[in-house]
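Biologist: I would like to go through this structure feature by feature. Please give the general idea where there is one, then the case at hand.

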Amino acid sequence: MAKKSAPHKTSNKRASGEPAAAHAPEAQPVYGSAEFSTRRGEGGELHQDVDQSGSNDSGASHLTTNHGMRISDNQNSLKSGDRGPTLLEDFVLREKIFHFDHERVPERIVHARGSAAHGVFECTKPIPGLTRASLLSEKGKKTPVFTRFSTVAGGAGSVDTPRDVRGFSVKFYTDEGNWDLVGNNIPVFFIQDAIKFPDLIHSVKMEADRGYPQAASAHDTFWDFMSLMPEATHMVLWAMSDRAIPRSLRMMEGFGIHTFRFVNAQGKGTFVKFHWKPVLGMQSTVWDEAVKLAGADPDYHRRDLFEAIDGGDFPAWDLGVQTFDEDFAASLPYDILDSTKLIPEEVLPIEIVGRMTLDRNPDNFFAETEQVAFCPQNVVPGVDFSNDPLLQGRLFSYLDTQKSRLGTANFHQIPINAPKCPYANFQRDGLMQTKVPKGRANYEPNSLGEAGEINGPRASMDTGFVTFEENGERNDPTAKVRARPELFADHYSQARMFYRSQTEIEQAHIASAIVFELSKVTLAHVRAAMVANLCNVDGDLARRVAAGLAIDLPAKAKAARKIVEMEASPALSIVKNKKDTLEGRKVGILFAEGSRASDIKAVKAAVEKAGGKAMTIAPKVGGIKLDNGSMAADGQLAGTPSCTVDAIALVLTEAAAKQLCMDGAAVQFVMDAFGHLKAIGHDAGAKPLLDKAGVALDEGVTDLSGKFVKAAAKRFYDREPTVRMLA
Ligand code: HDE
């Protein structure tokens with residue numbers, strides 16, 4: 001055990017080389033000063049911390065609200081007279097109580113009661129031949145750790161000494177990211193497959209109807225489950241052994257349990273099982289002692305750990321590995337993917353590769369011990385998983401549970417969980433986001449760098465974690481690969497087929513739409529890159545778009561696969577499949593003073609007979625005098641533009657039409673209907689308005705006879721080139 005010089009009774013040691021927290025109020029940098037900017041700029045990676053200078057500092061001299069306002073009285077709430085009711089206005093009181101009301105988070109579903117400490121892991125025997133993990137690459141290399149020990153079944157407030165398995169979780173803050181080795185003090189487990197875990201835990205926790213016993217396995221449901229679960233027999237014996245009643249957290253072994261895999265720089269994989277050997281040796285209590293301890297000192301283990309570290313008796317464990325290959329695995333009479341089995345160290349010796357020393361108590365139990373979030377999925381390049389079905393289930397569970405326990409997908413930003421190496425990605429936002437990423441690159445790939453903007457980090461096959469390719473061949477269904485089937489690489493053949501299946505006017509619409517969109521793009525290289533892609537779809541399309549943007553036609557983008565010529569598919573065109581019907585469509589009938597009532601009614605009746613809906617529209621809605629009586633309109637002209645209907649009918653006297661020529665809404669009504677390729681039915685009187693709106697006579701412009709109802713069921717695409725320029 002590492003002994004340090006006599007400590008001051010109440011202070012925590014920081015032998016792991018971290019700076020001691022200042023206990024005197026720290027002078028905060030002044031806004032705009034050089035120190036202020038340096039602090040803000042620290043790290044230089046994509047995620048910049050917002051200024052942390054206001055962090056909750058228990059050494060500060062002034063009591064403030066959470067928003068930094070100094071408090072004058074922390075003893076008396078604001079009242080209406082000293083004997084009157086408390087005022088809702090008292091924001092100091094309200095903030096204090098509000099925060100208190102929310103101080104608890106859900107406790108862990110298992111391993112709720114835990115005790116933890118900071119420390120350091122030192123590599124004593126580098127094993128680069130086995131793993132490329134940097135923490136095991138150099139003798140003497142130190143990696144900070146945070147280690148949490150726990151009981152399994154009891155709640156957070158239960159006792160330390162029940163008969164139970166102990167959790168042994170280590171978070172290594174390596175320079176390549178966090179590695180969480182989340183183990184127990186027993187080298188095997190109760191079950192072989194993750195799917196049984198909820199049943200196991202339900203059976204051991206307090207019984208569902210009565211809410212007891214707390215932190216004990218000596219009850220019906222646990223033993224009922226055990227009796228039906230022969231695979232648990234091995235672990236049951238361990239749990240009934242003195243391993244389950246340790247004398248001290250400092251005197252127990254730890255195990256990774258599952259078979260993991262080391263991977264070296266050449267990609268060679270080796271199976272590995274992890275062991276922690278306490279430098280103090282193992283020691284257990286006897287059952288009677290454990291029972292009495294529960295009453296005499298419910299915090300026996302927590303106190304023991306805290307006091308040892310506070311007193312400079314830093315507990316230490318050696319990290320040992322059992323490593324082996326496929327052949328060795330195959331030679332064993334049990335499966336190395338089965339977590340109910342161990343490999344005796346007499347069969348496969350343990351090689352010690354490093355030592356962990358716990359040398360600093362947490363500064364704050366909640367912030368650190370409670371909020372630490374271990375995830376077996378947190379590995380570093382050089383450490384990988386095996387197919388142990390128990391381990392595979394854990395890879396999902398822990399990440400998931402942290403969201404429910406800590407309330408946010410940003411739990412990795414809580415200081416105890418944050419890696420100590422830089423991290424950068426495009427994950428953004430979410431509850432309690434504390435980072436302020438700069439720039440607009442929040443997706444990848446992006447080419448914003450070409451325009452001199454921040455373009456964010458990139459994945460790297462050289463330095464990044466690469467899942468061990470167990471069976472080599474990418475198309476072997478048992479191989480784990482991050483790959484897509486080769487045929488997926490044909491990105492253009494079907495785009496070409498789609499384009500070539502459209503009518504001429506639809507192709508023009510596609511080209512014009514792309515021109516419109518890319519004209520809004522301010523990054524010239526992006527416009528060019530898009531057109532280069534279109535060259536692979538259809539040369540004519542690419543040329544039209546380039547011309548529409550007034551840019552040179554770029555060279556074709558590289559196609560990952562040869563483009564296959566496919567037959568056009570007429571089913572992909574709207575125009576080729578449209579129905580000329582009035583069903584589901586609406587016709588707008590514009591009338592004004594003096595219009596012939598009989599014509600309005602006739603058009604309406606004809607439209608409805610053809611299955612459409614008719615809507616009358618007039619300059620005023622209340623009631624307009626017609627040649628015969630008066631009529632209220634369904635819509636007011638200014639508020640019912642022709643884009644709200646599928647065709648229009650103009651029932652107007654010449655005098656009314658001339659008057660409407662002075663009304664922009666009326667002219668637009670007709671002009672838009674024509675421009676939107678709709679049918680326009682009209683009587684003779686409407687002519688001045690048609691002329692004013694620039695309506696050229698074509699198939700879609702008819703009198704109000706039966707021709708109109710037929711025309712109203714269509715759109716007149718042939719008209720389009722006469723009303724707008726298309727790309
Ligand atoms: Fe855990 N386990 N576990 N477990 N476990 C949790 O995660 C789970 C298993 C272990 O100090 C939970 O953060 C499943 C084996 C420890 O914070 C949860 C399965 C081993 C800790 C979870 C297992 C462990 C946990 C609850 C079956 C030994 C405490 C809170 C596949 C190798 C970590 C949390 C700490 C905690 C799930 C089995 C050890 C729910 C689904 C085997 C030491 O995610």
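Modeller: Bear in mind that this is a predicted model. The residues of the shell around the ligand comprise eleven nonpolar, eleven polar and three charged.

Biologist: How many residues surround the ligand, and which are the closest?

Modeller: There are 25 residues around the ligand, and the closest are R108, H111, G167, A194 and F197.

Biologist: Which element gives the most to that shell?

Modeller: Helix α10 gives the most, with six residues. At least two residues each come from β3 (142–151), β4 (166–174), β5 (177–184) and α10 (389–406).

Biologist: Which residues does UniProt list under "active site"?

Modeller: The unreviewed UniProt entry lists H111 and N184. They span 74 residues in sequence, yet no two of their C-alpha atoms are more than 10.4 Å apart, so they gather at one spot. H111 sits in the loop between α2 (91–101) and β2 (114–123), and H111 is also among the residues closest to the ligand.

Biologist: Where does UniProt place the "Catalase core" domain, and how is the chain divided by the domain assignment?

Modeller: The unreviewed UniProt entry puts "domain: Catalase core" at residues 64–452. That span is 22% helix and 20% strand, and its end C-alpha atoms lie 43 Å apart. The domain assignment gives domain 1 (114–413), domain 2 (488–575) and domain 3 (579–723). Between the C-alpha centres of domain 2 and domain 3 the distance is 38 Å.

Biologist: Next, sheets. How should I read the pairing of strands?

Modeller: Strands of a sheet pair through backbone hydrogen bonds, either parallel or antiparallel. Here, six strands form an open sheet with parallel pairing, in the order β17-β14-β13-β18-β19-β20. Its edge strands, β17 (635–636) and β20 (701–702), each pair on one side only.

Biologist: How many bridges join β13 to β14?

Modeller: Five bridges join β13 (residues 586–591) to β14 (residues 613–618), and the two strands run parallel. One point to look up is K586, whose bridge partner in β14 is K613.

Biologist: Which strands does helix α17 lie across?

Modeller: Helix α17 (residues 664–675) lies across β13, β18 (647–651) and β19 (679–682). Relative to β19, α17 runs at about 135°.

Biologist: And how is a pair of packed helices described?

Modeller: Two packed helices are described by the angle between their axes and the distance between the axes. Take α3 (residues 197–204) and α4 (residues 220–227): their axes come within 6 Å and cross at roughly 140°. On the α3 side the contact involves D199, L200, S203 and V204, which meet T221, F222, D224 and F225 in α4. The residues of this contact divide into four nonpolar, two polar and two charged.

Biologist: What is the phi of I257, and is the value positive or negative?

Modeller: Phi of I257 is near 65°, a positive value in a residue other than glycine. I257 belongs to the loop between β6 (254–255) and β7 (260–263).

Conventions: Residues numbered from 1 in each chain as written. Predicted model: local features only at pLDDT ≥ 70, side-chain atom pairs only at ≥ 80, totals over all residues. Near = placed C-beta within 6 Å. Helix = DSSP H or I, 4+ residues; strand = E, 2+ residues; numbered from the N terminus. Nonpolar A, V, L, I, M, F, W, Y, C, P; charged D, E, K, R; others polar. Domains from an automatic or database assignment. UniProt positions renumbered as here; feature names shortened; annotations may be inferred. Pairing = 2+ DSSP bridges. Contact = placed C-beta atoms within 7 Å. Axes fitted to C-alpha atoms, helices over the stretch in contact; angles between N-to-C directions.
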